[in-house]
Every structure is written in C-alpha cells, then in structure tokens.
Amino acid sequence: YQRRVHGTLSECLFFFGILFFCRLAATSRSMAEPERLAQNSAIAGQIGSILSEIGKLAGNAGNLLLNHALFIYITLACALVYICVCGPSKYHRNGWIGALYIILINLPDLFGRCACTILCCGRDRGFRWVNKTERYFCESRNPVLQIFYTILVGVAVVIWFWKVFDMLPRYSMHRFAAPFAIVALVGCFVAACRADPGVITPENAKHQRTLFPYDGLMYSQRSTECTTCELPKPARSKHCRICNHCVAKFDHHCAWLNGDVGLKNYRHFLLFLLSHAFVCLYGTYLCVYVLMRVADDLNLWKVSFIMGDNSRAESSYYLVFLFLLQRHHFVIGVALFMVMIALMLLGFFSYHAYLITTNFTTNETFKWDDAKQWHKEHGKLSQFQGYRNVYNRGFVQNWKEVLFPPTDTRRSQTGREKKKPS
C-alpha cells in the first residue's frame, strides 16, 4: 500500500511537472508571436479586462487571507493534528482522511529519498542513508524526541518569563504558582521516563502469568513463549522490538518517554498527559489575564480605532485583539500554542480514559479489530459477536488496576526475607 502511494505521488508530481512545462512552452510561444495577438484588438481588450478582474479578485483574496491568516492557520493546524491522530483509526482508515494520513506519513520519506539521492550523488547510496536514518529514528531507542521536548519546553518557558512574567501584578500569587507548576511539569516528565513499564524477567515471569487469563481470541495458550526473549509470555503482554523486551499489559511505545507504557507505568503516563495539559491551560489563562489587564489599562474597550481607509470604528473584541496582536504578538503566539497543545493532550487523555474504562489497551484495540476482520472474511462474524472482553471488570476495578497495579509478590517477599537476619 505504501508503494502504491509512492507511485501515485510520483505520477502526480510527474503529471503536474508536464503541465507546468507545457504551460511554460505555450506562454513562451505566445510571447514569440506578438503579431498574431495584435491582429485582434477586441480579443486583446477582453483578455486585458479579464486579467484586470483576476487581479482584483487576487487582491481581494490576498487581503482576505491576511485578515484571516490566524484563523486559517489554526484551522489547518487542527485539521493536520486530527488527520495525524485519527487517520489510522478504524473510523477513518478506509476513507479520505485515512488516505490523507497515508500521504502525510509518506511525504517525508519520499522527499527524504529524493534529497538524499541528490546529495549523495546516487540512488543506492541515498536510499542506504535514508534506511539508516529510519532505523535510528523509528526502530531503535534514541533521545531525539526527549531532546526536542526539552528545547520546546525551554523556549516556551523562556518566552513566557520574558514577555508574560513581568506583566503580572507585583504581589500576585501567580508569580509563585507559575514557577512551581513548571518544576512539577518537569518532575512528572522525568518520573514517567524513569518508571518501570513492567518488564518481564525470568524472576517475575511466573507471577505475571497469574495476573490475567488467556481469553482465547486475542491471546491463546498455544503461544505461551516469546520467540525473541524465550521467556514465558503472559496474556496481554507484548515484545517491543524497539526496546527489545517483553512488557506486561503492553499499551504502546511512547517515543516522547523513550520507552514503553505498560502495567506499572500507565499511571505515570496519564499523569504526564494531565500535568502538561493543566500547565498549558494555566499558562494560557495567565496570557489572557495579562492581555486583559493591558486592554483595561489602555482603556481599549471605550476608544475608537482609525482604520486603513482613515475611517473610525468603534471598539470591538476583534479590533482589540488585532491591536494586542501587533503590540504583544509573542504573548498571543505562546497562548495559542499552549491552548492547541492542551486540547490535543486532553483529547489523547480522553481516549486513554475510554480504554481504561473498558479495560482495553491500545495494542488490544488493533488485535480486536484484526480478529473481527478475520472472522468477517471467513464468514464467522456471528461467532465473533458472541465474544466479550473478559478483562473488563467494571469501572472501579478497571481504574484501580491502572492506578494501583499489582506488584511482584515474589520480589517483595524476597526483600523481606533478606531483611530478617539483619
């Protein structure tokens, strides 16, 4: 499927390239034969009027884009995030949103291969560099996204303290709460990165097999050993090929944490999402708070504004926003960035809250869909509809399983036995 997408994109680029060069050739030919165009002044006059109308329409469209650039940017950014997050879901994977998702995830690879082919002076050498890069970034543990996270948060914090912190009232509690919130944010990130996801080892493998039963649909007792680790494979576990170990109740591999999310660190992952969403919303509130103070101090709600055509317009939320955007664009930029990140994180948290409530993992949603597709292809859909999620034990027990995961009793007993002689 990816090869078909690559072929389609290449054909589209080739097709539009041909159209461009044909249009260029037609334009150069018409310029080389001015006498023929000059023979019919009526047609020339019509063409001139049409071009002038097109110029007016283009000017109006340009002004419209400039006046609504921020709205267009936010709309496109939200659409891009929605496509990237929801594109591979079962609701969109077979529709046009799924097709856009495939195109988006393959465009960097296509452009990367073209660029490396040009820079490396050869297709084979360029493809080797692309494959090495993909293996490092996508198939091995690396701190690239953690470094990017540190830079991103650091730049946002510096801009916030540079532009917003000094605009807060001198004895406001926010001068103390904001630094504390940032320290807590970094602490939650470090805790989520260092927490054990529930790695299966020879010492705890036997205990892990007693935690969850085999349901016979997603997990079968016939495959009770990991072919890579050569360890007993408990139900709901999975071998992560990036981290190269098996994880109990495997959910997904999080590149931001540079590790897996599983039975023991799921709560740390949820705290990571909630803390970042809360700090982003809190930072957005403070940005809006200082901007409202600026508007009140300058009495912007009761003044009139001089427009581009020297006309006067009464104050409105839109005009005040444009005025503040000119004077405090850094503050508004940080606020918009944080509110978009907060909405995305809250949506991601809501999805995981739904999974916890039904006691599914992200990995199990794909396995469940694959099992449903297999039964549908073999004419056994009615049999599949009789299956139920045996791991769903109710709302309270499901959340208790995540917030207070079962511990390794053998390890704790061994620790107590070692302490007795001393």
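Mentor: Let's begin with Leu-257: setting aside neighbours within four places in sequence, Leu-257 is in contact with Gln-146, Phe-189, Ala-192, Cys-193, Phe-269 and Phe-272, where contact means heavy atoms within 4.5 Å. Keep in mind that this is a predicted model, in which local features need pLDDT of at least 70 and side-chain atom pairs count only at pLDDT 80 or more, while totals for chains, interfaces and linings use all residues. Residues are numbered from 1 along each chain as its sequence is written, and side-chain values use heavy atoms, with hydrogens and water left out.

Leu-257 also belongs to the largest nonpolar core, a group of 48 residues in which Trp-160, Leu-257, Phe-269 and Leu-324 have the most contacts. A nonpolar core here is a set of buried Ala, Val, Leu, Ile, Met, Phe, Trp, Tyr and Cys residues joined through side-chain atoms within 4.5 Å; buried means under 20% relative accessible area, exposed over 50%, and partly exposed in between (1.4 Å probe, protein chains only). At least two residues of this core come from each of α7 (144-163), α8 (174-194), α10 (266-297), α11 (317-327), α12 and α15 (395-403). The top contributor is α10, with 15 residues. Helices (H or I, at least four residues) and strands (E, at least two) are DSSP runs, numbered from the N terminus. There is also a second, separate core of 18 residues, and Leu-217, Ala-248, Leu-355 and Tyr-391 are among them.

Together with Phe-148, Leu-152 and Trp-256, Phe-337 makes a nonpolar surface patch of about 340 Å². Patches are made of residues with over 30% relative accessible area and no salt bridge, with like charges joined within 9 Å and nonpolar side chains (Val, Leu, Ile, Met, Phe, Trp, Tyr) within 5 Å. A salt bridge is a side-chain nitrogen of Lys or Arg within 4 Å of a carboxyl oxygen of Asp or Glu, and accessible areas come from the Shrake-Rupley method with a 1.4 Å probe, counting only the protein chains shown as cover for residues.

One last stop is the cysteines. The whole structure has zero disulfides, a disulfide being a pair of cysteine sulfur atoms within 2.5 Å. For Cys-226, the nearest cysteine sulfur is that of Cys-246, 3.4 Å away. Cys-226 counts as buried because its relative accessibility is 5%, and Cys-246 counts as buried at 4%.
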